[in-house]
Amino acid sequence: MAHKHPEEDVYREFLIAVVQHNEAVANRLGLQPADVAAVILLEMRGPLAVGAIAEELGLPSASTTRLIDRLEKAGYVRRVRGERDRRTVTVELLEDGLGDYEATRDSARRHLDAIGAHYTPEQIPLLLGLLTHIGQAYRTATRELRRSPS
C-alpha cells in the first residue's frame, strides 16, 4: 500500500529506530523495554512516586510494582517510604547501580554527538524545540487513545 504522506516515513523510521534501540538496551540489561523507559524517566525527573511512574508509562499499578521489583533486584532503584506517611513510596535511582545502564548509552551518545556537529549553535534550540513539541503531541495523542473506548 502506497503511503500518501512520504514525509511521515522519515519520522516513522525514527520511531522504529528509537523503539529498537530501547529494546536492545533492555535485552542487554536483562530488563523489559518499559523498565528502561522508567530508568530514563527517573533520570530526567528525579525520584517519583510509584503512581506517577504508572501514569507516565501508562501501566496498571500491579505492572508498575513488578517493574519496580525488577529494577530494584537489578540494583538500579530503591523504594523510599515517606517520612510523614509511610504508605507513600517514592522510587529513586541508585547512582552506584547505573554502570551497566550507562555503558549501553555510550554508543548512542557518540552517534548523536556526531550528528550535533552538523548543526550550528543557533540551529540546536530549533531542533530541541521541534523534538519537545513532537513529544508533547505524542503524549497528547497517547492520552486520547487511552481515554477513548476501543
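Before the first stop, a word on handedness: a crossing is left-handed if the near helix is turned anticlockwise from the far one by less than a right angle, and right-handed if clockwise. Helices (H or I, at least four residues) and strands (E, at least two) are DSSP runs, numbered from the N terminus.

You're looking at a predicted model, where local features need pLDDT of at least 70, side-chain atom pairs count only at pLDDT 80 or more, and totals for chains, interfaces and linings use all residues. Residues are numbered from 1 along each chain as its sequence is written, and side-chain values use heavy atoms, with hydrogens and water left out.

Start with the whole protein chain. Its C-alpha trace spans about 50 × 40 × 30 Å along the principal axes. Colour by secondary structure and you get 6 helices and 3 strands, in the order α-α-β-α-α-β-β-α-α.

Next, select residues 33–45 (helix H2) and 50–57 (helix H3). Their axes (lines fitted to C-alpha atoms over the stretch in contact, with angles from 0 to 180 degrees between N-to-C directions) come within 11 Å and cross at roughly 120°. The crossing of H2 past H3 is right-handed. Show side chains: Ala-34, Ala-37, Ala-38, Leu-41, Leu-42 and Arg-45 of H2 touch Ile-53, Glu-56 and Leu-57 of H3 (heavy atoms within 4.5 Å).

Last stop: pick Phe-14, Val-18, Leu-128 and Leu-131, a nonpolar surface patch. Helix H1 (6–29) and helix H6 (124–147) each give two or more residues to the patch; Val-18 sits in H1.

Technical notes
Patch = residues over 30% accessible without salt bridge, like charges linked within 9 Å, V, L, I, M, F, W, Y side chains within 5 Å. Areas by Shrake-Rupley, 256 points an atom, 1.4 Å probe, with all protein chains shown as cover. Salt bridge = Lys/Arg side-chain N within 4 Å of Asp/Glu carboxyl O.
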